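My notes follow in the order I looked things up.

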Amino acid sequence: SALSFLFGCLHHRACDGKTAVSRDARNDRRRNEAGRPSLGGAFTQDLLASATMSFLEKQDLIRQANKMLSDSEGPFSLLLLVKGVVQGVGFRPFVYRIAKERSLTGEVSNNAHGVEIRISGGKSDILSFLGKLQASAPPLSVLRENHLEKISHVPSTSFKIKDSERR
């Protein structure tokens with residue numbers, strides 16, 4: 001199917017975007033002619049855009065955080081808002097795991113706009129967290145947009161997953 005082909009491409013990074021999109025378009029036509037629903041091209045293009053994000057684009061978030069955290073001594077607290085396909089794909093448990101691995105404190109939650117992450121800890125741990133977040137996000141997630149800001153340090157002893165906001 002087009003979806004398994006796409007995930008194979010994303011996993012192995014062995015295809016170019018044109019091949020995946022054209023194969024997906026053919027499969028969409030077949031599915032539509034047979035009267036069954038299809039995922040559509042926009043979902044495919046989002047996945048491919050995420051899979052082909054350049055190394056420099058991935059480093060922007062880390063560079064931005066490094067500048068924010070360079071003016072004083074820690075511990076530091078940041079608020080990260082992530083938009084894209086980040087709900088229902090295991091993103092919050094992934095964030096929790098990598099925060100705990102780095103002894104960071106704070107919380108992660110879903111809201112109507114995406115995922116909100118509040119992290120506190122040392123500079124190197126936060127930068128490591130952000131690098132891992134971008135490099136190893138769950139396979140079904142697509143990180144389209146993010147907003148990072150430094151916030152007042154909120155003392156906490158753990159990292160937790162908050163319940164999702166009701167829509």
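**Entry 1: terms.** A strand here is a DSSP run of E with at least two residues, and strands are numbered from the N terminus. A pocket is an open set of grid points with protein on both sides within 12 Å along at least five of seven lines, and its lining residues have an atom within 4 Å of a point. I also note that the model is predicted.

**Entry 2: a pocket.** I looked up the second largest pocket. Its volume is about 170 Å³. Which strand gives the most to its lining? Strand 2 does, with three residues. Strand 2 covers 105-111 and strand 3 covers 114-121, and each supplies at least two residues of the lining. I listed the lining residues: Ser 77, Thr 105, Gly 106, Glu 107, Arg 118, Ser 120, Ile 151, Val 154, Ser 156, Ser 158 and Lys 160. I then sorted them by kind. Two are nonpolar, six are polar and three are charged.

Entry 3: Five strands form an open sheet in the order 4-1-3-2-5, and the pairing is mixed. Why is one side of strand 4 and of strand 5 left without a neighbour in the sheet? Strand 4 (142-150) and strand 5 (159-161) stand at the edges, and each has a single partner strand, so one side of each has no neighbour there. On average, neighbouring strands of this sheet are turned by 15° against each other, direction ignored.

**Entry 4: strand 1 and its partners.** I followed strand 1, residues 76-85, on both pairings. Strand 1 runs antiparallel to strand 4, and eight bridges join the two. Lys 83 stands opposite Glu 145 of strand 4. Leu 78 has Lys 150 of strand 4 as its bridge partner. Strand 1 also runs antiparallel to strand 3, with seven bridges between them. There, Leu 79 has Arg 118 as its bridge partner.

**Entry 5: two helices.** How do helix 5 and helix 6 cross, left-handed or right-handed? The crossing is right-handed. The two axes come within 10 Å and cross at roughly 145°. From helix 5, the contact uses Phe 91, Phe 94, Val 95, Ile 98 and Ala 99. From helix 6, Phe 129, Lys 132 and Leu 133 take part.

Definitions and conventions: Residues are numbered from 1 along each chain as its sequence is written. This is a predicted model: local features need pLDDT of at least 70, side-chain atom pairs count only at pLDDT 80 or more; totals for chains, interfaces and linings use all residues. Side-chain values use heavy atoms; hydrogens and water are left out. On a 1 Å grid over the protein atoms alone, a cavity is a set of points where a 1.4 Å probe fits but cannot get out, and a pocket is an open set with protein on both sides within 12 Å along at least five of seven lines; lining residues have an atom within 4 Å of a point. Grid points are joined across faces, edges and corners, and a volume is the space filled by probe spheres set on the points. Helices (H or I, at least four residues) and strands (E, at least two) are DSSP runs, numbered from the N terminus. Ala, Val, Leu, Ile, Met, Phe, Trp, Tyr, Cys and Pro count as nonpolar, Asp, Glu, Lys and Arg as charged, and the others, Gly among them, as polar. Two strands pair if DSSP finds at least two bridges between them. Axes are lines fitted to C-alpha atoms, for helices over the stretch in contact, and angles run from 0 to 180 degrees between N-to-C directions. A crossing is left-handed if the near helix is turned anticlockwise from the far one by less than a right angle, and right-handed if clockwise. Contact means heavy atoms within 4.5 Å.
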